[in-house]
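Please keep the sequence and the structure in view while reading the points below.

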Number of protein chains: 2
Amino acid sequence: MLGPTIAFDAMGGDFAPTEVVRAAARLSLESTLQVVLVGDEPILSGLLAQSRHNPERIAVHHASQAIGMGEIPAIALERKSDASIAVAAKLVADGVADALVTAGNTGAAVLACRQSMRLLPGVKRAALASVFPTERRRGGKSDPFSLILDVGAGLEATAEDLVTFAELGSAYARVISRNPMPRVALLSTGTEEEKGPDEVVEAHRLLRTLPGIDFVGNIEGLDIPRGVADVVVTNGFVGNVVIKMLEGVSETVLELARYAYKERLLWRMGITMLSGGIRQLKRVTDWQQYGGAPILGFDRVVIKAHGRSREQALVNAGKVAAKAVVANLTGAMGGQAAWPEDDVRMAAEG
Amino acid sequence: MLGPTIAFDAMGGDFAPTEVVRAAARLSLESTLQVVLVGDEPILSGLLAQSRHNPERIAVHHASQAIGMGEIPAIALERKSDASIAVAAKLVADGVADALVTAGNTGAAVLACRQSMRLLPGVKRAALASVFPTERRRGGKSDPFSLILDVGAGLEATAEDLVTFAELGSAYARVISRNPMPRVALLSTGTEEEKGPDEVVEAHRLLRTLPGIDFVGNIEGLDIPRGVADVVVTNGFVGNVVIKMLEGVSETVLELARYAYKERLLWRMGITMLSGGIRQLKRVTDWQQYGGAPILGFDRVVIKAHGRSREQALVNAGKVAAKAVVANLTGAMGGQAAWPEDDVRMAAEG
């Protein structure tokens, strides 16, 4: 059985197109996925010729332009209508591919999806969701991850947007993390319902009576690394700061460890013995492992890989995208299945 | 020579009034400060009688009401005009005391100050500033601390407010941390000047040409624990989430260490050897050591101690308040000296 078709924005990201092509080549050999590489055809075909791959599983779709990481999304997309991200988003919107993966400019990806895809019923604003490691282990697999959204698809969020994020995040945790009833919390300045900005207070009021969501109330910054909630809801500005801080924490711990290393012989011995544990900590806080963060709210599966993604991270992003398609993520969020019902059942059974 | 007079909101905080009275009693014996305890006179005098203290250095000023930690500030202050925080703020505004220390409700403290004190010239919104430990060591004392503001005096901030926070934070770091030219940064979603919410983009533009400030541009969440800037400027909602997350980080590291402890004999030995280093890390991230966070923007010195403060933290808060008065913090921020010029000179020389 053939797997879903994933459109890769081959020109997006710090190491595009080389690492994107490598990832696609590996996926063509090691998985059942179909890959469409979207970008400069001569360059992509040239790179592909240098990598061992299965030509029956990879297609190249030409797009003559590319958007850089530092470009202003609205201006760049207007000037470059044939940008790889715009063309790739359209291929997915039109059903030529089942999901989109990009390591490029986040704002441009969100805007390109808005231009060609539809928002799910009731959704006014898409959200970028990201997992982060916590103290608490959850579920049968002792999974230490929580989900936080929005982490930067937008910057602001109304009370309505926050409620939508709660629903999207909850559905994602149910379908992808197989958590049957994820605990959802609003990030605020205090646990009391009247604490926080107006839109958070109003979202709290709305979520308290919303069916189908296990709303546990407000949490504070302190509760994030503790893992008090499975899904943390906030606006894109706050979420972006939070997720990038968590990215820095493992580094800071390693730095403090190095500092201790120099201080005392006993500590130095301790650090040496602990190095396996520290490596594990680094692994757990390493985004390369996760492959990518979903952009939720559109009627298609969209995975945003980290801008610094290399081959392995992009391979993982492709697999996450395929998993979301097969598990019918968009269907669980109130949209249509991105994948034929029969195939979903077969994939689930097999 | 007598030190400055500090008004303590004796009824504010989780362990008020007992721990506030204990702190005042200790300060009366161990420092040159004068203390005014503001709150229920019979209760305070009764507690004072149980603690060894110097009666010449402590006065009790009666206030019949108190505001709880969970009360809504505006409503509570309107209903309780004789609340200890309101009376204490007025004593400081009127010059009866030189500085205010409270461990009570933050919102009520800010509002009480607004009602009786004046904002400094050009300031429209006060900010709560807090220090946090970073990887980088700075200055002669190898100080690992950066300052972040606002962390919860308000929730929002206009571009103008953010510029004011930059000026207030820079002045505080110069005067209190003796950092002659602190590096000031805006917290945003990217280092590029066009990244982030409108008010951050506009504040960036204004700060680039502002004299007297070493503006290093935008930083991201990742840069906070690294200590890239000496003063981090953001709105009260984001700052509150950030500072509480940092509070949780030491706990998370300890938890991960405990987890490792159970896993492997080698790790267990490593942890045992490292325990001194972990204790040091805990100490460095422990707010009890710092005593309190300044509320900046008023023409008087105001120190907000943590709600969970006990005797030692409140003693430290009193000392920080006195240091700010003697160093003429409000004068450095464009206001008038809170302390006679001659005495400032004497204190600086002696």
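**Overview of the predicted model**

Among the contacts in chain A with a separation of 6 or more, 68% are accounted for by residues 24 or more positions apart. The structure is a predicted model. Chain A holds 13 helices and eleven strands, and buried residues make up 56% of its 350 residues.

**The nonpolar core**

- The largest nonpolar core has 214 residues, and the residues with the most contacts inside this core are Leu37(A) and Leu37(B).
- With neighbours within four places in sequence left aside, Leu37(B) is in contact with Phe8(B), Ala10(B), Val20(B), Val21(B), Ala24(B), Leu44(B), Leu48(B), Ile58(B), Ala59(B), Val60(B) and His61(B).

**Helices H1 and H11 of chain A**

- Two packed helices are described by the angle between their axes and the distance between the axes.
- In chain A, helix H1 (residues 18-30) and helix H11 (residues 311-326) pack at an angle of about 55°, and their axes are 8 Å apart.
- H1(A) and H11(A) are therefore oblique to each other, and their crossing is right-handed.
- On the side of H1(A), the contact is made by Glu19(A), Val20(A), Arg22(A), Ala23(A), Arg26(A) and Leu27(A). On the side of H11(A), the contact is made by Glu311(A), Gln312(A), Leu314(A), Val315(A), Gly318(A) and Lys319(A).

**Helices H6 and H7 of chain A**

- The axes of H6(A) and helix H7 (residues 198-208) of chain A come within 8 Å and cross at roughly 50°.
- This angle makes H6(A) oblique to H7(A), and H6(A) passes H7(A) in a right-handed crossing.
- H6(A) contributes Ala159(A), Leu162(A), Val163(A) and Ala166(A) to the contact, while H7(A) contributes Glu199(A), Val200(A), Glu202(A), Ala203(A), Leu206(A) and Leu207(A).

**Glu167 of chain A**

- Glu167(A) is part of helix H6 (residues 159-175) of chain A.
- Glu167(A) counts as partly exposed because its relative accessibility is 38%, and the partly exposed class lies between under 20% (buried) and over 50% (exposed).
- Leaving aside neighbours within four places in sequence, Glu167(A) is in contact with Leu210(A) and Ile213(A).
- Glu167(A) and Ile213(A) are 46 residues apart in sequence, and their C-alpha atoms are 7.1 Å apart in space.

- Helix H6 (residues 159-175) of chain B has 17 residues, which should span 24 Å at 1.5 Å a residue. The end C-alpha atoms of this helix are 25 Å apart, which agrees with that expectation.
- H6(B) is mostly covered, since 14 of its 17 residues are buried.
- The axes of H6(B) and helix H7 (residues 198-208) of chain B come within 8 Å, crossing at roughly 50°.
- H6(B) and H7(B) are therefore oblique to each other, and H6(B) passes H7(B) in a right-handed crossing.
- Ala159(B), Leu162(B), Val163(B) and Ala166(B) in H6(B) meet a set of residues in H7(B), namely Glu199(B), Val200(B), Glu202(B), Ala203(B), Leu206(B) and Leu207(B).

**Backbone features**

- Most residues other than glycine have a negative phi, and most peptide bonds are trans.
- Ala16(B) and Pro17(B) are joined by a cis peptide bond, with omega about -5°. Pro17(B) lies in the loop between strand E1 (5-9) and helix H1 (18-30) of chain B.
- A cis peptide bond also joins Leu149(B) and Asp150(B), and omega is about -5°. Asp150(B) is found in the loop between strand E6 (143-149) and H6 of chain B.
- Arg178(A) is a residue other than glycine, and its phi is positive, near 50°. Arg178(A) is found in the loop between H6 and strand E7 (183-187) of chain A, and counts as exposed because its relative accessibility is 68%.
- Asn328(A) is not a glycine, although its phi is positive at about 60°. Asn328(A) is found in the loop between H11 and helix H12 (329-332) of chain A, and counts as buried because its relative accessibility is 16%.

Methods:
Residues are numbered from 1 along each chain as its sequence is written. Chains are lettered from A and ligands numbered from 1 in the order in which they are written. This is a predicted model: local features need pLDDT of at least 70, side-chain atom pairs count only at pLDDT 80 or more; totals for chains, interfaces and linings use all residues. Side-chain values use heavy atoms; hydrogens and water are left out. Helices (H or I, at least four residues) and strands (E, at least two) are DSSP runs, numbered from the N terminus. Buried means under 20% relative accessible area, exposed over 50%, partly exposed in between (1.4 Å probe, protein chains only). Contact means heavy atoms within 4.5 Å. A nonpolar core is a set of buried Ala, Val, Leu, Ile, Met, Phe, Trp, Tyr and Cys residues joined through side-chain atoms within 4.5 Å. The expected span of a helix is 1.5 Å times one less than its number of residues. Axes are lines fitted to C-alpha atoms, for helices over the stretch in contact, and angles run from 0 to 180 degrees between N-to-C directions. Angles under 35 degrees count as roughly parallel, over 145 as roughly antiparallel, 65 to 115 as roughly perpendicular and the rest as oblique. A crossing is left-handed if the near helix is turned anticlockwise from the far one by less than a right angle, and right-handed if clockwise.
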